Structures are given as structure tokens and as C-alpha cells.
There are 2 protein chains.
Amino acid sequence: MSSFNILIVEDEDAIRGMLMMVLEQAGFMPIAAADAEEAQKILDDKLPDLILLDWMLPGISGAEWARRLKKEPIYRDIPIILLTARGEEEDKVRGLEIGADDYVSKPFSPKELIARIRAVLRRSGKIPGQAQITLGDLMLDTEQHRLSIGDKQLEVSPTEFRLMHFFMTHPDKVYSRTQLLDQVWGRSVYIEERTIDVHIRRLRKILEEYGREDLVQTVRGFGYRFSLVD
Amino acid sequence: MSSFNILIVEDEDAIRGMLMMVLEQAGFMPIAAADAEEAQKILDDKLPDLILLDWMLPGISGAEWARRLKKEPIYRDIPIILLTARGEEEDKVRGLEIGADDYVSKPFSPKELIARIRAVLRRSGKIPGQAQITLGDLMLDTEQHRLSIGDKQLEVSPTEFRLMHFFMTHPDKVYSRTQLLDQVWGRSVYIEERTIDVHIRRLRKILEEYGREDLVQTVRGFGYRFSLVD
DNA sequence: ACGCCTTGTTACCCTTTTGTGACAAAGCCA
DNA sequence: TGGCTTTGTCACAAAAGGGTAACAAGGCGT
């Protein structure tokens with residue numbers, strides 16, 4: 001297993017040190033910076049696999065810096081996890097279209113942090129994950145980016161593909177719209193919950209052609225479930 | 001397995017020594033020089049299979065020397081891997097059109113270095129790999145630099161040939177534009193991602209003459225895939 | 001030096017995708 | 001059944017993503 005470079009940008013010494021330790025312990029290779037300028041210098045040298053970024057920073061704020069990074073093609077693909085202090089409204093973090101991939105609010109448990117980092121790395125394709133997922137006669141291949149029922153190819157849009165991917169890796173369990181948004185769209189985008197319904201509808205429409213619209217089930221008052229059995 | 005001569009050009013004694021050891025251990029035959037002049041003398045004597053070159057050198061900088069080498073037909077085909085120290089901006093390395101085949105930033109792990117060396121040797125055809133690759137009625141011959149469908153020769157440009165080579169050795173898998181750039185153009189060139197589209201277009205145009213433009217498939221939002229099946 | 005080929009880049013266009021509001025339909029409970 | 005809540009569905013507009021042609025620069029051979 002390869003080791004990932006993680007850039008920590010955090011002004012408080014105590015937290016920065018703690019993060020370094022936690023990440024090292026978890027087998028990552030962290031590099032730390034105290035502000036955006038310093039972080040930029042590190043970036044100039046080598047692109048990390050992920051950036052752990054404090055939302056509030058002296059000088060250029062973390063949010064502002066993240067926004068800039070996401071505009072540059074060279075940096076765009078580096079996933080960013082924001083660290084938000086308790087009291088900084090979660091909504092704001094979601095609302096501002098920063099393009100962060102996730103956020104974690106302080107205080108957080110090391111375990112949670114590591115889990116989120118792994119999740120983001122996996123989602124951005126840096127950790128391989130399972131290439132083929134089979135469920136009944138459904139087959140989803142992330143390498144080939146193909147989805148099929150039996151030997152028929154399904155034509156799905158990128159979002160539909162991700163949604164199916166999530167469902168097939170988490171079958172037989174109900175997920176709320178919020179959970180689906182977090183898992184499929186990422187925790188820091190803000191879109192209406194009802195939009196999920198529309199995507200569910202679109203998925204069902206495709207599955208309908210194969211008489212399999214029953215795979216996606218509504219659980220009234222809770223959300224949706226993907227399951228082979230009704 | 002044959003053993004490759006690798007010329008190390010590095011001014012710091014400690015690093016030079018370390019490189020010698022690491023390469024020997026890995027079964028290569030390294031020769032070392034401390035600066036460009038010394039390296040040039042070694043070159044005059046015998047052409048190595050690959051040059052491992054420090055980007056910053058006293059006297060003529062590594063970058064400058066590499067650029068000169070790439071202008072001389074005799075040396076052009078020797079692959080060069082640049083060693084960049086932390087703090088030397090990656091952008092510059094990519095941006096300046098040095099013509100290096102790859103770069104590795106210090107500090108690097110021996111494992112990573114060896115892997116990159118192997119990759120570059122393979123890409124430049126020094127490690128034989130497969131001379132002939134067949135995929136359906138497609139045939140690509142790396143030795144003769146020929147590509148054919150059935151018994152018809154295809155006329156492709158060098159870049160198109162490399163792209164086809166990569167595709168035929170990695171079929172049925174989606175690659176992002178970035179991945180294609182890294183794999184086909186090499187990690188140390190910086191070109192626009194959209195340029196890929198243009199090359200794909202050119203490839204398709206050629207394949208079109210044989211009704212095979214469907215071999216190169218667009219996967220919206222992700223990249224391209226080469227596959228015999230739709 | 002000249003012309004041809006190769007290659008990277010850009011601009012423009014078209015298609016697909018996607019989020020959203022509006023309204024109908026369905027479900028639930030008293 | 002009636003009224004309220006939760007979903008389903010549709011149409012639309014904006015945005016994203018790609019396809020393509022045209023252009024310019026560089027390289028190469030003659």
C-alpha cells in the first residue's frame with residue numbers, strides 16, 4: 001500500500017502538531033504549513049494527494065485560498081478537506097461554493113478524521129477500491145465505467161453512475177436524502193434535497209427499460225433504498 | 001534481464017553515493033558525475049541508457065544541460081529523469097520545455113525512483129516490452145513502428161502511434177485526460193488537457209477510414225476508453 | 001532556405017447533463 | 001372522507017463537457 005502525502009494548513013500550533021501525529025500514526029506522510037503563503041510554497045514544490053485546510057486562517061482565509069486553488073487546473077484535482085471550528089456555521093461552509101470535498105468540524109476524533117480522509121481519497125480515485133461490483137445480474141465496473149444488466153449495457157449519466165455505484169455498494173439499507181447528498185455529491189455541495197427525487201426518477205426510468213425499476217425503493221418519510229428484494 | 005547503464009549527475013556527495021547504492025542494488029550499472037562537464041566527458045565515452053540529472057547543478061544547471069542534450073541528435077534519445085529539490089517549483093519543471101521524460105522530487109523513496117526509472121526505460125523502448133501487440137484485427141509493431149488493421153497499413157503520426165500504443169496495451173479501461181497526459185506524453189510536459197481531445201479526434205479520423213472510429217470511446221465526465229466493444 | 005508535416009492551442013458550436021420550481025399524485029391520519 | 005404531508009413527474013434554463021476547424025509555431029528533410 002502506497003503512502004499518501006497530506007498537506008496540513010493550520011495556524012494553531014497545538015492542533016497542527018496533533019494533526020501531524022495523528023496522520024503519521026495512520027500511515028500518511030503529512031507536511032504542515034501555518035498559513036496560505038507557506039502552504040503555497042510547499043505546493044510549488046510538490047503536489048500532495050490531499051489538503052487538510054483550516055477554514056479560518058490569518059491572512060488569506062482557508063476558504064479563499066481553496067477557492068483560488070480550485071480555479072487552477074494544476075491544483076484542481078487535489079481533494080480538500082476543510083477544518084471548521086465549532087460555531088462556524090455548517091451552512092456557510094456548504095453554501096459557499098468552495099469546491100472542498102469534505103469538511104470536518106473541530107473538535108473531531110482522530111478516527112473520524114482518518115475515516116473522512118480515506119473516504120475522500122477513495123472517492124477521488126486515489127485509493128483503488130473495488131473495480132467490479134456485482135449484485136444479482138447487475139454489474140458495475142468502475143475501471144471501464146460500465147454498468148450492465150445481464151449482457152446489456154446501460155446508458156447512464158455521470159451522476160447516475162455515481163448514484164448507482166453508491167447504491168450497489170450499499171444495498172438493502174435506507175438512506176435519507178441528506179445522506180445520499182453527502183455520499184454521492186460530497187458533503188460540501190449545496191443542492192436541494194428534492195433534486196434527489198429527480199435523479200431517482202431518472203435512474204428508475206433507465207431501469208424501467210429492463211423492468212427493474214423496483215430496485216430503487218421509496219421508504220416514505222425516510223428516503224430511498226436499493227435492494228434486489230421488495 | 002540485461003543491465004542498464006545509468007548516468008547520475010548530482011553535485012551533493014551524499015545523495016550521489018546514495019543513488020549509486022540504490023541503483024546498484026536494483027541491478028543497474030550506475031556511473032556518477034558531479035557536474036555537467038564531468039558528465040559530458042562520460043557521455044563522450046559511452047552513451048548511457050538513461051540519465052538521472054539534478055535540476056540544480058553548480059556551473060551549467062542541470063536544466064540547461066538537459067536542454068542542450070535534447071538538441072543534439074546523438075543524445076536526444078537518451079531519456080532523462082530530473083531530480084528536483086523541495087522548493088523548486090514543479091510548475092517550472094513542467095513549464096520549461098526541457099524535454100525531460102520524468103522528474104522525481106527529493107526526498108524520494110528508492111522504491112519510487114526505481115519504479116520511475118523502469119517506467120521511463122519501458123516507455124522509451126529500452127526495456128523490450130512486447131514487440132507486437134494484437135487486439136482483434138489491430139496490430140501494432142513497436143519495432144517497425146507500424147500499425148495495421150487487417151493487412152492495411154495505417155498512417156499515423158508519432159504522437160498518434162504512442163497514443164495507440166498506450167491504448168492497445170491498456171484496453172477496456174477509462175483514462176482521464178490527466179492520466180493520458182502522464183502516460184503518453186510523460187509527467188514533465190505541460191500541455192492543455194483539451195489538446196487530448198484534438199489528438200483523439202485525429203486518431204478517430206484515421207480509424208474512420210476503416211469504419212473503426214468506435215474503438216475510441218468518450219466517457220463523458222471522465223475521459224476516454226479504448227475498447228473493441230461498445 | 002523552403003515547404004511539408006506534426007503538434008499544441010483556441011474559439012465556437014452543439015449536445016448532454018443537471019438543478020429547480022410547479023403541479024399532480026399518492027400516502028397517511030384523524 | 002378530507003386535509004395535510006410526502007413523492008413523482010415534467011418542463012425549462014443554465015452550465016458543463018466535448019467535437020471540430022482553423023491557426024500558429026516548431027521540426028525535419030530536401
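## A tour of chain A and H145(A)

Start by colouring the charged residues of chain A: the mean positions of its 32 positive and 39 negative charges are 3 Å apart. Here Lys and Arg count as positive and Asp and Glu as negative, with His and the chain ends not counted; each charge is placed at NZ of Lys, CZ of Arg, CG of Asp or CD of Glu.

Before moving on, note that this is a predicted model, in which local features need pLDDT of at least 70 and side-chain atom pairs count only at pLDDT 80 or more, while totals for chains, interfaces and linings use all residues. Residues are numbered from 1 along each chain as its sequence is written, chains are lettered from A in the order in which they are written, and side-chain values use heavy atoms, leaving out hydrogens and water.

Next, switch to a cartoon view of chain A. You will find nine helices and twelve strands (DSSP runs, H or I of at least four residues for helices and E of at least two for strands, numbered from the N terminus). Along its principal axes, the C-alpha trace of chain A spans about 60 × 35 × 30 Å.

Now look inside: of the 230 residues in chain A, 46% are buried (under 20% relative accessible area, with a 1.4 Å probe and protein chains only).

Finally, select H145(A), in the loop between β7 (138-141) and β8 (146-149) of chain A. Its relative accessibility is 16%, so H145(A) counts as buried. Which residues is H145(A) in contact with, leaving aside its neighbours within four places in sequence? Show F161(A), V174(B), V219(B), F222(B) and R225(B); contact means heavy atoms within 4.5 Å.

Definitions and conventions: Buried means under 20% relative accessible area, exposed over 50%, partly exposed in between (1.4 Å probe, protein chains only).
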